[in-house]
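Biologist: I have the model open. Walk me through what the labels rest on.

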Amino acid sequence: MVSRVVFGRGSFNQLGDIISPKRKNIKAPFIFLVDDVFKGNSWLTSRIPLAYNDQLLYISAKEEPKTSQVDELVEQIILSHKDRPSGIIGIGGGTILDLAKAVAILITNEGEAKKYQGWDLVKSPAIYHVGIPTISGTGAEVSRTTVLTGPEKKLGINSDYTPFDQVILDPELAKDVPKDQWFYTGMDCYIHCIESLNGTYLNAFSQSYGEKAYQLCLEIFVEDNLTEEDSQDKLMMASWHGGMSIAYSQVGVAHAMSYGLSYLLGTKHGIGNCIVFDHLEEFYPDGVKLFKEMKQKHKIKLPQGLCDNLSDEEFDIMIDVALSLEPLWINAVGKNWKQIITRDKLKGLYQKM
Ligand code: NAD
Ligand code: ZN
C-alpha cells in the first residue's frame, strides 16, 4: 500500500516541505516527471519546488507508457547526474504516474523494464517516489502496478516496490481536465467497480472499497447535483477506492478486451474501456445500462467503427492479447471461462466496436 498520503485542495503547496527531508545530499536530485499539458502553465509549474540539481522533464501523455520509454528515461537520468536521484515525482494522469513508478524501480534494478513485466519480479526496492494525480479515475495513484506496453505484451510491473511512498491528492489540480477526458478516465473507475463487484474474486476487502467507489460514481455521474469542487473532490476519492478494490480482486471483460484494442490500435485506456464496455450488456447488464444513461446525460459520443477495416490477422492479434489475460476472465466468467469465451465470440464483439 501507499505509505503516506495527504488530501486537500491546495495541498500541492506542501510538496516542498514533504520531499525536502528525503533529499539525500545536494547533488542527489529530485526528478519531476510532469505531463506536458502543464508546460507554460505557471499556476502549477511555479509551485514545483526545484532546488540544487533537480530536474524537470515534461512528458507527453499522448501515448501510453512503453518499456522502451522507461529505459530511455532511466538512462537519461543516470547519465545527467553523478549521484543516484533522491526521488522521482510524477505529476499527471495514469500515464505519467505509471512512468514515475517504473522509472523509480528501474533506477535500482538492472536491465531493461520489459524484464520486470509480470508479478513480483522486482528484486530491489525502488527509490523514493511520489505520485500527484491531476486527473482522477485510474487508481494508478494507489495501485501496486505500473502498466507498460513492451515489445511482446502490455502488462504491468506488479510488485511490493511499485506503490508510491507518498501521494498528494489535491483535487484542485484536476480543474482544467476537458469534459470528454473527465468522462473517459472517470468511467475507468466506474468500470473497475462493476468488474470487481461482479467478479468471482470478490471478497470483503474489495467489496468494501468497490461499493464506496461505486456510490461516489453515482453521486458524480448520475445524480449530478454536486458543485464542481465537490465533484472533483469525490472523484479523486472514488479513484482511490476503486484502485483499492481491484488491488485485492481483479478487473474483467472490458479491461481484457480494451488491452487488445490498445495493443493493436493504440486506443487509450479510458476511452478504450468505454468503447468496449458499451457492448458488454451480456456480461454486466445493470452496469452497462447505467453506463449508457451516463453517456447520454453527459452528451458523450464514443468513436464507432474502430475495427471496420481490420484484417483477420489483426483481429487475431487483439484476441490473443485479450485471451492471454487469464485472471481477468476467471474473475469475469469463472473457472470454465474457456467454454464461453471463444475466439469467435471475441471477434463478434470486436466487430461491433
Ligand atoms: P492520461 O494520463 O493518459 O491523460 C489523459 C489526458 O488528460 C492527457 O491528454 C493528459 O495530458 C490530460 N490531462 C491530465 N491531467 C490534466 C489536467 N489537469 N488538465 C488538463 N488535461 C489533463 O489519462 P489517464 O486516464 O489518467 O491514464 C491512463 C493510463 O493509466 C493508461 O496508460 C493506463 O494503462 C494507466 N492505468 C494504470 C493503472 C494502474 O493501476 N497503474 C490503472 C488504470 C490505468
Ligand atoms: Zn482501468
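Modeller: Start with a side chain. This is a predicted model. In it, the backbone oxygen of Ile127 lies 2.8 Å from a polar atom of the side chain of His129.

Biologist: What makes that a polar contact?

Modeller: A polar contact needs N or O atoms within 3.5 Å. The distance from the Ile127 oxygen is 2.8 Å, so the pair falls within the cut-off.

Biologist: Why is His129 called buried?

Modeller: Buried means under 20% relative accessible area. His129 has 1%, so it counts as buried. The residue sits in strand E6, residues 129-133. Its contacts beyond four places in sequence include Ile88, Tyr161, Phe164 and Gln166.

Biologist: Which residues touch the most other members of the largest nonpolar core?

Modeller: Phe183, Tyr190, Phe277, Leu280 and Tyr350, out of 55 residues. Helix H5, residues 179-197, gives the most to this core, with nine residues. A second, separate core has 35 residues, among them Val103 and Leu148.

Biologist: What does Phe277 touch?

Modeller: Beyond four places in sequence, its partners include Tyr190, Ile194, Ala254 and Phe291. Contact means heavy atoms within 4.5 Å.

Biologist: How many residues line the second largest pocket, and what kinds are they?

Modeller: There are 18, and Ala174, Trp182, Glu228, Ser231 and Gln232 are the closest to its centre. The lining divides into seven nonpolar, six polar and five charged residues. Helix H7 gives the largest share, four residues. The pocket volume is about 330 Å³.

Conventions:
Residues are numbered from 1 along each chain as its sequence is written. Chains are lettered from A and ligands numbered from 1 in the order in which they are written. This is a predicted model: local features need pLDDT of at least 70, side-chain atom pairs count only at pLDDT 80 or more; totals for chains, interfaces and linings use all residues. Side-chain values use heavy atoms; hydrogens and water are left out. A nonpolar core is a set of buried Ala, Val, Leu, Ile, Met, Phe, Trp, Tyr and Cys residues joined through side-chain atoms within 4.5 Å. Buried means under 20% relative accessible area, exposed over 50%, partly exposed in between (1.4 Å probe, protein chains only). Helices (H or I, at least four residues) and strands (E, at least two) are DSSP runs, numbered from the N terminus. A polar contact is a pair of N or O atoms within 3.5 Å; within protein, one must be able to donate a hydrogen and the other to accept it, and residues adjacent in sequence count only if both atoms are side-chain atoms. On a 1 Å grid over the protein atoms alone, a cavity is a set of points where a 1.4 Å probe fits but cannot get out, and a pocket is an open set with protein on both sides within 12 Å along at least five of seven lines; lining residues have an atom within 4 Å of a point. Grid points are joined across faces, edges and corners, and a volume is the space filled by probe spheres set on the points. Ala, Val, Leu, Ile, Met, Phe, Trp, Tyr, Cys and Pro count as nonpolar, Asp, Glu, Lys and Arg as charged, and the others, Gly among them, as polar.
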